[in-house]
Amino acid sequence: MKKFKSTLFYVALTVSALIFVYPFYWMIIGSIAPENEIGNLTLMPKSLTLSSYSQMLDKIPIGGAFINSLIVASSITIGVLIFGSMIGYALSKLVFKGRDLIFYIIIFTMTLPFQITLIPQYIIMVKFGWIDTYLALIVPYLINALSIIMFRQYFKSIPDSLIDAARIDGCNELQIIFRILWPNSMPAIITIGIITFMASWNEVLWPLIVIRDESLMTMPQLVTLFAVGGRAESQLGVKLASAVMLALPIVVAYLFFQKYFIQSMASTGIKE
Amino acid sequence: MLVSPYVVHFILFVAFPVTFSIVLTFHKWNIISPMEYTGLNNYIRLFNDKTFLKSIGNTLIFLVIHIPLQIIVALFLAEILNQKIKLRGIFRGAFFLPVIVSGVVVTILWQQLYGYDTGLLNRLLTGIGLDKVGWLTDPNIAMSSIALMATWKNVGLYIILFLVGLQTVPTQYYEAADLEGATHMQKFFKITLPMINPTIFMVVILSTIGGFSLFIEPYIMTGGGPLNSTVSAVLYIYKQGFFYYHMGYAATLGLFFAFIILTVVVIQKKFIEKDN
Amino acid sequence: MKNLLNIIIVVLLAHILNSCSISNKDSRDEILYWCSNDNSEIKFAKVSTEEWNRNNLKDQVKYQPVPEGRSSEEIILAAVVGNTTPDIYSNMWQGDVEAYAQAGVLIALDSLNGFLDFLYERCDSAVIEEIKSLDGHIYQIPWKINPIMMIYNVNLLNELELHAPPQTYSEFFNASQKFQKDVDGDGYVDRWFGYSEVLVTWWQRFFDFYPLYLASSDGAPLVKDNKAFFNNEYAVGVFRFLQTLYKKKYFAREQLTARQDVFLASIIATRFVGPWEIAHAEKFKPKGFEYDYTFMPVPDGHEGPVYTYGDPKNIVIFKTCKDPQAAWNYIKTMINKDGDLKLLTITNQLPRRKNLNSNPFFQEYFANNPKMKIFAEQSKYVKGTDASPVLKEVFDLISQEYEACVIYGKKTPEQAVKDASDAVDLLFLQ
């Protein structure tokens with residue numbers, strides 16, 4: 001009985017795993033198959049070709065978009081880590097007037113749906129002249145409520161004595177954060193770093209709104225417009241190729257840091 | 001003060017936008033011309049806007065299909081994974097793959113899978129003798145197709161969350177039940193489910209908030225069709241604001257929709273508190 | 001407090017640095033002219049500006065193709081918002097002008113010296129009425145049109161023993177029925193008499209509903225006096241015509257154009273398309289393939305000339321231009337007889353000029369390009385768009401009813417047209 005149940009489990013898991021992985025496999029071989037075969041493709045194309053990729057490279061500046069995404073996502077991640085830890089530290093270890101008020105405000109902003117601030121935020125970008133600049137993509141995301149909460153939570157578990165000792169040694173607040181707290185908070189930093197990087201890399205609605213210049217578009221934005229607009233000229237292979245390119249960076253990062261990815265996402269849930 | 005950047009950011013990107021948003025709802029503005037005060041016009045227009053109301057309905061349909069489906073599938077797979085399974089890491093990794101990849105990739109991929117004539121799904125169906133399905137061309141099922149795709153994409157995350165929840169259930173309960181001769185199913189429904197209630201509700205709330213921001217999938221896949229059956233609320237707001245530049249009207253729609261989201265989430269939270 | 005100060009300084013610095021990078025466009029002395037990024041139009045701009053610059057050392061004109069990528073309409077909007085508009089823009093769709101005129105970013109051209117005289121000499125008075133803004137001024141110069149007509153496969157029609165292409169709805173249905181076939185016997189139709197993209201995008205209507213409506217109604221407007229005008233028998237007739245075509249499978253509901261040009265592949269026999277198809281057809285047509293153009297089909301019993309949609313693109317001068325009179329002097333050379341002939345020979349697009357088919361100046365061109373002759377004939381009966389700042393949305397609302405009625409058959413044409421008309425009225429109430 002146990003053996004039967006066990007095999008049933010493995011079958012279910014394998015079938016499910018296939019369901020989750022096969023479409024990606026199909027996408028990859030679709031991108032290297034000749035155009036007229038894609039409609040009939042299941043396991044292997046009859047011939048391989050890289051023409052979809054060369055055509056895509058001709059049509060859209062995907063390399064530039066990759067760099068844009070890299071710059072934007074990295075800047076945001078670094079900013080979020082710096083500011084999040086600064087404010088999380090202040091909220092968890094320091095005492096000052098209005099501390100609790102700010103904490104509640106932060107919680108409140110987390111519940112605010114972005115749909116409310118979308119239009120006015122765009123208008124601010126217009127008024128500042130930040131449309132079609134990196135600033136519009138980066139600055140609104142530099143401070144993130146979730147990261148502040150998570151840092152605060154994590155710092156609370158760091159013994160006060162450590163901080164007091166540093167103060168006695170003459171460290172100022174910033175030094176405390178970066179020299180004492182950061183080295184002792186690697187799990188939190190990795191977690192928040194990965195979540196933030198992933199979220200900013202995949203963000204597409206906001207770039208669609210504030211970036212019109214093709215040379216500044218982020219990767220998901222460029223691929224979206226490519227898939228939706230007429231530039232792909234209804235050629236499936238090219239669209240699939242662009243999708244593969246878009247997926248590649250994150251999947252590569254995932255293959256190396258799988259453990260951290262999964263842990264990070266799991267802990268967001270726990271913190272809720 | 002360390003918190004000062006937050007204060008600046010908050011004022012710029014939260015306080016001011018929200019206030020300005022409210023002010024905008026009473027005006028008409030297309031960015032290039034000066035703002036025009038229009039009183040309650042935008043609100044009147046909102047309540048007469050059949051397409052907007054439909055878009056909210058579409059979003060709710062999406063949630064109603066997507067959330068239960070996701071919970072059932074995630075719970076099912078998490079429960080299996082929780083048993084003594086070898087290669088658990090590999091399975092987990094496979095399930096998690098769609099989660100990290102951009103929604104854009106998933107949408108482009110599934111758009112091909114759902115293709116009426118050449119899509120993989122329909123070819124499989126006709127291969128086993130069934131009829132083709134109008135996944136994206138039948139107005140009655142297009143939104144369900146999107147919900148199915150969204151489930152496929154996100155379920156991995158929730159499997160992980162459920163796994164964590166499942167592992168918090170003390171093994172003594174199961175051992176006690178084993179002594180009484182309980183079957184797996186009985187153990188699941190009588191012990192596991194009640195113990196992971198908090199996780200289930202967290203999953204519901206996370207999925208709800210995520211589901212309300214549905215945008216890029218219908219934008220790429222169907223553009224809102226067929227017959228406006230896949231226009232999500234955010235897609236409609238985006239179109240009003242950034243395609244027609246009806247800034248005042250779009251702000252009104254956004255405000256109204258945010259209100260609906262908050263209401264739904266509050267109701268859900270109250271539901272949890274009552275149950276616990 | 002010190003930290004707060006630091007942060008404010010950083011933010012301001014970033015803002016200032018950013019603004020500095022937006023180059024000092026105001027300090028240019030030459031006239032900046034944005035042309036479309038179509039290759040032949042770039043060539044035209046090059047030739048035209050070079051000739052002008054040779055003879056006018058003072059007011060040099062520099063041409064620049066609109067950047068590729070997004071729709072040029074968005075580029076213009078971004079330029080208007082950012083105050084970085086060029087002096088001259090030549091690719092503005094007529095339907096976009098009203099919104100910009102009302103926003104006050106365009107020069108009222110009728111205030112320029114010699115403008116009106118020149119305009120009346122070049123254009124029909126009907127055309128001039130059409131391009132007037134709601135405030136009575138003129139903010140655009142009609143430049144070129146690409147009339148939508150019906151292209152047809154001569155050989156296929158001969159096979160059906162039709163020696164003239166269908167001109168009325170009934171004739172069109174008859175021809176469609178004769179042409180319809182299940183070529184490979186798999187139970188599905190694979191030959192259709194015509195084809196139109198089954199897209200709900202607002203501009204797709206330029207290739208089906210709108211030209212048919214104009215043909216049927218002799219150029220009636222869609223909107224007038226801030227109300228919908230199209231709730232009439234003409235629009236209903238067009239909806240019914242198209243709905244029947246899809247119902248009877250004379251037009252395909254699936255997207256056929258993914259992998260091929262269906263017209264050149266003889267899978268369809270007709271299509272509603274403009275003169276740009278000629279260059280494409282000449283390049284890719286199979287051996288022995290013969291085609292020609294005729295007028296859009298009209299309801300049975302229709303009398304008089306057949307109108308159509310001309311997809312007009314016009315020239316505007318933005319208010320940021322420092323010397324509009326000089327800009328106008330240059331534009332005159334783009335649209336005088338020589339300029340118009342250049343437009344024809346370089347881009348094969350028709351200038352929106354009166355008497356194109358009878359003016360001896362252009363005879364040689366049409367003798368060399370016989371397929372373009374019918375477009376010259378058509379050019380007298382071409383309509384652009386009505387002056388309205390929300391035209392795009394009007395077409396979008398019509399498209400939604402089009403989808404429900406014509407493609408999905410869920411509404412009667414009467415109901416669909418009425419619903420579209422009501423929606424448009426509601427739109428104008430804002």
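In the predicted model, the side chains of K239(B) and D396(C) meet in a salt bridge, with N to O at 3.1 Å; a salt bridge is a side-chain nitrogen of Lys or Arg within 4 Å of a carboxyl oxygen of Asp or Glu. Between chain C and chain B the count is two salt bridges, and seven residue pairs are in polar contact, both residues at pLDDT 80 or more. A polar contact is a pair of N or O atoms within 3.5 Å; within protein, one must be able to donate a hydrogen and the other to accept it, and residues adjacent in sequence count only if both atoms are side-chain atoms. The elements that give two or more residues to the side of chain C that touches chain B are α1 (2–21), α3 (72–81), α4 (94–103), α16 (391–407) and α17 (413–428) of chain C. Of these, α16(C) gives the most, with six residues. Helices (H or I, at least four residues) and strands (E, at least two) are DSSP runs, numbered from the N terminus. By class, this side of chain C divides into 15 nonpolar, four polar and seven charged residues, where Ala, Val, Leu, Ile, Met, Phe, Trp, Tyr, Cys and Pro count as nonpolar, Asp, Glu, Lys and Arg as charged, and the others, Gly among them, as polar.

Residues are numbered from 1 along each chain as its sequence is written, and chains are lettered from A and ligands numbered from 1 in the order in which they are written. As this is a predicted model, local features need pLDDT of at least 70 and side-chain atom pairs count only at pLDDT 80 or more, while totals for chains, interfaces and linings use all residues; side-chain values use heavy atoms, with hydrogens and water left out.

In total, 26 residues of chain C are in contact with 27 residues of chain B, contact meaning heavy atoms within 4.5 Å. The area buried between these two chains is about 2,300 Å², of which carbon and sulfur atoms give 57%; buried area is the accessible area (1.4 Å probe) that two parts lose on being put together, summed over both. Chain A and chain B bury about 7,200 Å² between them, with 83% of it on carbon and sulfur atoms. In chain A, L13(A), F20(A) and Q115(A) lose the most area to chain B, together 10% of what that side buries. This contact takes 87 residues from chain A and 76 residues from chain B.

Over all chains, the salt bridges number 22. Within chain C, D340(C) and R122(C) form one at 3.0 Å, N to O. D340(C) lies in helix α13 (residues 337–347) and R122(C) in helix α5 (residues 115–122), 218 residues apart. Both D340(C) and R122(C) are buried, that is, under 20% relative accessible area, with exposed over 50% and partly exposed in between (1.4 Å probe, protein chains only). R122(C), D340(C) and R353(C) are linked in a network of salt bridges. A further pair, E130(C) and R352(C), meets at 3.1 Å.
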